[in-house]
Amino acid sequence: MAEKAMDVYLNDHLGGAMLGSDLAAQIRDQNEGTPLGQVMTRIATEIEEDRETLLELMDRLDTPRNPVKQVTGWMAEKASRIKFSGATSGEPDHGLFMALESLRLGVAGKKGLWLVLREVRDDYEPLQSIDLPGLIERASNQGQTLEAERMAAGVRALAKSGE
């Protein structure tokens, strides 16, 4: 039963990882040549590496991939392009703010994944070879960086002083 729960849990996070990886790349590409673009180059690379780590872990645990969850993540990312472009609000700054906020929440979820896997690592031999402390620290650093960018974007998007 625990293995089935682990399979479902990892597939849920894989869907989120696909969305997060695509979203980070989208923010990076839309901000190329800016300080945010430079930050997002690093973050997008790390998020993709974390997704690859999750895929490798799923392979080692013989976790079957759930195509429905993968397609759902892909569709969510495609739909997010409209929302995060600012088309729904008419404000590109608002779209960027919402994209950064969504990515920040995703990174918090990823950190939660690594934290819980650390707690059950003795129950699953393949977890023993994963650098969970390093992944937790990296997610914390990503979260701090994204939070600073999210706050700055939020001020630009929501402050009345620009009227």
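This is a predicted model: local features need pLDDT of at least 70, side-chain atom pairs count only at pLDDT 80 or more; totals for chains, interfaces and linings use all residues.
## Basis

Local features require pLDDT of at least 70 and side-chain atom pairs pLDDT 80 or more, whereas totals for chains, interfaces and linings use all residues. Residues are numbered from 1 along each chain as its sequence is written, and side-chain values use heavy atoms, without hydrogens and water.

## Largest pocket

The volume of the largest pocket is about 350 Å³. A pocket is an open set of points on a 1 Å grid over the protein atoms alone, where a 1.4 Å probe fits, with protein on both sides within 12 Å along at least five of seven lines; lining residues have an atom within 4 Å of a point. The volume is the space filled by probe spheres set on the points, which are joined across faces, edges and corners.

The lining comprises 21 residues, with G16, A17, G20, G106 and V107 nearest the centre. Helices α1 (2-30), α2 (35-60), α3 (67-84) and α4 (92-119) each supply at least two lining residues; helices are DSSP runs (H or I, at least four residues) numbered from the N terminus. The largest contribution, 9 residues, is from α4.

## Residue G154

G154 lies in helix α5 and is buried, at a relative accessible area of 8%. Its C-alpha atom is 8.2 Å from that of M98, 56 residues apart along the chain.

Technical notes. Buried means under 20% relative accessible area, exposed over 50%, partly exposed in between (1.4 Å probe, protein chains only).
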